[in-house]
Amino acid sequence: MKKRRFRLRYLWVRFLDETRRINRFWRVLILALLIGIVTGLLVYLLESVVYELLFLTLYNTYFKNGIIVIVIPMIGVLLTRLILVWGKTDGMGGTEEVVKSYHEFRGRLPLSRTPYKIPAYITTLGFGGSAGLEGASTYIGGMVSSIAEKIMEKLNIPFEEQRTLLLAGAGAGLSAMFKAPLTGTIFILQVPYKSDLAPNALIPTLVASVSSYIVMVTLKGTHPLFSMANKADFHMNDMLAVIVIGLVCGFLSKYFLRMYRATKTWFLKGPARLTSRNVLAALILGITGYLATLRFGEALPLGPGYIFIQYLLSVPDTFLNLLMLLLLKMAAVIFTFSAGGMGGSFFPLLCLGAATGGLISNVAHIQPFDFGVVMGMAGFLAAGYKTPLAAVVFVAESTHSSGYLIPGLICTAFSYIASGASSISSQQREREDIHLSRRFHLKVTNAMLRQIIFVPSNITVDDFRQYYLLKYFYRTYPVLDEKKALVGIISVYDIDRIPEEEWKKLKVSDVMVTPVITVTREETIQDAVQKMNRYDLDFLPVVSEKDPKELIGGITRTGIFQGEWAIVAA
């Protein structure tokens with residue numbers, strides 16, 4: 001037994017050693033691939049258990065009864081509220097938590113909340129709360145990414161890679177849930193910012209999204225999320241129609257979001273406990289389902305929204321019925337979250353857009369009817385989440401029809417403009433460089449790294465390559481002598497110029513660069529950037545004001561332009 005345990009430990013250490021030697025680019029891609037596969041499997045279990053086994057069973061049986069259709073969603077969202085209160089956990093949805101962790105927590109979800117959040121998702125989504133399954137799937141992807149980073153923490157993954165892998169995991173969750181890998185990729189790159197894309201994350205997110213998609217379609221098939229008539233031709237009349245749909249969706253989403261926030265704030269204000277306001281909100285949620293069963297024979301506003309959208313795509317209904325569906329769905333979404341429920345906002349926005357597009361199709365006699373419904377879905381999502389590209393790609397992938405791409409682009413452009421700066425996400429930032437103008441006047445101490453890997457001056461170049469370059473994967477290292485005084489700088493570029501047969505003969509002190517360009521912690525960020533630009537450097541040692549040989553930290557070009565310390569700058 002001891003030999004077996006020793007053998008396993010030996011193999012694990014060898015695996016870590018070999019992984020450290022892999023190029024950083026390939027290391028991230030391999031981790032993204034593994035995260036995508038695991039996320040795909042977990043999302044398959046989520047959909048099979050929560051949606052197909054739990055929600056559809058309740059929807060097709062008990063939701064036909066007038067009283068039970070009120071009680072079951074109430075129980076679900078109130079149980080969610082109790083779970084979150086008991087766990088002293090906020091009700092932030094999956095996408096929101098991913099965006100917040102991306103900006104503020106070095107790309108890691110707080111895993112201590114997971115034992116409470118997963119049951120909270122199940123009780124809301126499985127019992128008929130009007131929220132999206134994608135909230136749980138993106139959370140699962142972010143959770144898998146954070147667990148993987150924790151397991152692999154001996155690899156010394158820098159926080160830039162952690163942020164990238166967080167987005168990759170979240171994109172994989174969205175891709176698997178909707179069987180839409182391009183949507184998962186583009187949405188998760190767009191959602192951290194209102195007017196920008198997350199940098200350096202495209203390829204890892206695409207790899208994770210594709211791998212999770214392959215897992216999902218292997219288990220569930222490749223059939224599209226929705227079935228509808230394809231729109232083959234695109235005429236001037238269509239252009240006018242999609243512009244109108246885009247403008248209406250943009251303006252409507254702006255006012256819906258105001259009502260959503262005001263209502264949610266009022267019902268959830270006060271101490272974190274179950275209150276009579278939560279019960280009232282849950283009751284209103286149940287009543288929306290009851291009213292829908294009286295009018296349509298089904299509790300259409302309840303649940304994730306697949307049935308709601310498919311109904312609109314399949315039945316060209318009357319204006320009054322479409323208006324009623326829109327109002328009921330708005331109320332169901334608002335009071336699901338006002339009661340303390342948890343879930344995604346992606347699909348609720350799609351549902352509201354589908355009803356809005358259906359209304360305009362009815363008034364303007366757009367043919368086929370489902371064309372207006374699909375354009376409404378794209379327009380409302382683009383306006384509500386500030387993700388126009390993802391909205392267009394989603395309607396194409398979810399219907400397996402590329403005919404919606406051009407009219408969808410037109411619709412989302414107008415809806416995005418009409419909606420202004422409003423977004424359903426409170427964690428989005430305007431763009432990646434939003435705080436740069438505020439950073440440059442700050443002191444270096446705000447952005448410097450305090451734990452620096454330094455190289456002794458008396459080791460050989462071969463030891464430097466083996467024990468530093470291949471272990472930490474940094475490009476540049478400060479060199480200290482026996483008295484811990486800063487005496488030089490060495491980088492990967494310096495040893496590239498030395499013949500390999502000389503590596504074991506030469507010491508670091510023989511090849512290091514001197515004199516050293518440094519900054520003090522009292523200098524400004526702008527001073528540091530100017531020195532980097534002047535001498536073409538990507539790293540500056542930070543030294544004491546009293547002793548220019550005393551190393552107290554370092555500052556990198558990447559560190560200056562990353563958002564991790566944006567709160568300090570603000």
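The points below take up the basis of the model, the sheet, the nonpolar cores and one threonine.

1. This is a predicted model, in which local features need pLDDT of at least 70 and side-chain atom pairs count only at pLDDT 80 or more, while totals for chains, interfaces and linings use all residues. Residues are numbered from 1 along each chain as its sequence is written, and side-chain values use heavy atoms, with hydrogens and water left out.

2. Three strands (DSSP E runs of at least two residues) form an open sheet of mixed pairing in the order β1-β2-β3, where pairing requires at least two DSSP bridges between strands. The edge strands, each pairing on one side only, are β1 (455–456) and β3 (486–491). β1 pairs with β2 (residues 476–480) in the parallel sense over two bridges, and P456 stands opposite L480 in β2.

3. The largest nonpolar core has 124 residues, of which F256, I309, F346 and F347 touch the most other members; such a core is a set of buried Ala, Val, Leu, Ile, Met, Phe, Trp, Tyr and Cys residues joined through side-chain atoms within 4.5 Å. At least three of its residues come from each of domain 1 (15–220) and domain 2 (237–429), with bounds taken from an automatic or database domain assignment. A second, separate core of 15 residues includes V461, Y477, I495 and M512.

4. T263 lies in helix α10 (residues 236–268), helices being DSSP H or I runs of at least four residues. T263 counts as buried because its relative accessible area is 17%, the limit being under 20% with a 1.4 Å probe and protein chains only. Beyond its neighbours within four places in sequence, T263 is in contact (heavy atoms within 4.5 Å) with I334, F335 and S338.

Technical notes: Buried < 20%, exposed > 50% of the residue type's maximum accessible area, 1.4 Å probe, protein only.
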